[in-house]
Amino acid sequence: MVVQTKIQIRPVKPGDKNQLAHLIHFGTYVHRHLDWKPPLEWIGEEPFFVAESSNRVVSALACPPTPPEVAWVRMFVCSTRVSYNYAWDALWPQTIASLQGSQTKTVAAIPLQKWFRELLTEQGFHHNHNVVAMAWDSTPEKIASLPLALPVQLRRMTKRDIPAVSAIDAQSFTPLWRNGHDSIDLAFKQSINASVVEESGEIIGYQITTHTPYGAHLGRLAVSPGQQNKGIGYALLRKLVSELSAQNIQRLSVNTQNNNVKSIGLYKKAGFIETNEAYPVFIQQLE
């Protein structure tokens, strides 16, 4: 049994970085959001609180909202010096109070560990849907068998395209899955392949792909709502798998929502198959 010691809750400070890094890398109870941005880079954004005991950080909870309507649980870590339930019960009210009165209407999390799923359920979160993983394993024959894409103009994405790409992202996704300008910029900086589709000089679609230990991961693909169902997303995919294969990258993964029938249909058309991986999405609506 963990003996509970008195803890104090306060906003995170830059000087907490080393202690937080130790908790993240060596802690038993660690939740990290699947994100382009490492947890410690959220320091300086709110809400991000730490629990302190005897001048030592023993737990932390970060939920900065981005976009403004949604606050993902970016990080929750807890030392074995206190129970994670006890730490959460101290950190969570401060987090909610910080979000009250803002544009944030939803708090969401993707709990990968049983202990965190149970904690969220006890705290009033509910399982909304799953993120499912799909994968493409490339061979020259498989690429050749794909139907030819439409003759749209594709080119490499540049940093100057990010405002237009961000606008497409905002139009194409619900707030829960929308990425802001900063997230798109981070994804682009980490990309190994990023391209856009233009029509009459206007960007109408894009994809951003990053490197993984097993090949590549399609982190983002979107087409302007008024341009969907015209084969543009498929054209982006076909060009992408051809270029990755030419670089001897044989595996491409992607994540999508199990209730996004249109997205799953597009990936299956391009030869992706569902894997056995699924990640639960838990949400709580704020009053």
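Buried means under 20% relative accessible area, exposed means over 50%, and partly exposed lies in between, with a 1.4 Å probe and protein chains only. This is a predicted model, in which local features need pLDDT of at least 70 and side-chain atom pairs count only at pLDDT 80 or more, while totals for chains, interfaces and linings use all residues. Residues are numbered from 1 along each chain as its sequence is written, and side-chain values use heavy atoms, with hydrogens and water left out.

**Stop 1: the cysteines**

Select C63. Its relative accessible area is 0%, so C63 is buried. A disulfide here is a pair of cysteine sulfur atoms within 2.5 Å. How many disulfides does this rule give? The count is zero. The closest cysteine sulfur to that of C63 is in C78, 15 Å away, so the pair is too far for a bond.

**Stop 2: T95**

Move to T95, in helix α2 (residues 84-99). Helices (H or I, at least four residues) and strands (E, at least two) are DSSP runs, numbered from the N terminus. T95 is buried, because its relative accessible area is 0%. Contact means heavy atoms within 4.5 Å. Leaving aside neighbours within four places in sequence, T95 is in contact with P47, F49, L61 and C63. That list takes you back to C63.

**Stop 3: the sheet**

Show the strands. Two strands pair if DSSP finds at least two bridges between them. Nine strands form an open sheet with mixed pairing, and the order to trace is β5-β7-β14-β8-β13-β12-β11-β10-β9. Which strands stand at the edges? They are β5 (70-72) and β9 (153-156); each has a single partner strand, so one side of each is left without a neighbour in the sheet. From one strand to the next, the twist averages 25°.

Zoom in on β11 (residues 202-212) and β12 (residues 215-223). These two run antiparallel, joined by eight bridges. Pick Y206 and look across to β12: A222 stands opposite.

**Stop 4**

Axes are lines fitted to C-alpha atoms, for helices over the stretch in contact, and angles run from 0 to 180 degrees between N-to-C directions.

Now view α5 against α6. Their axes come within 9 Å and cross at roughly 120°. Angles under 35 degrees count as roughly parallel, over 145 as roughly antiparallel, 65 to 115 as roughly perpendicular and the rest as oblique. The two helices are therefore oblique to each other. On the α5 side, the contact is made by I162, P163, V165, S166 and D169; on the α6 side, by H181, I184, D185 and F188.

**Stop 5: inside α6**

Which residues of α6 are buried? Select S183, I184, D185, A187 and F188. Their cover includes α5, β10 and β11.

Finish on I184, in helix α6. I184 counts as buried because its relative accessibility is 0%. Leaving aside neighbours within four places in sequence, I184 is in contact with I162, V165, S166, D169, N179, Y206 and I208. Y206 is the residue that stands opposite A222.
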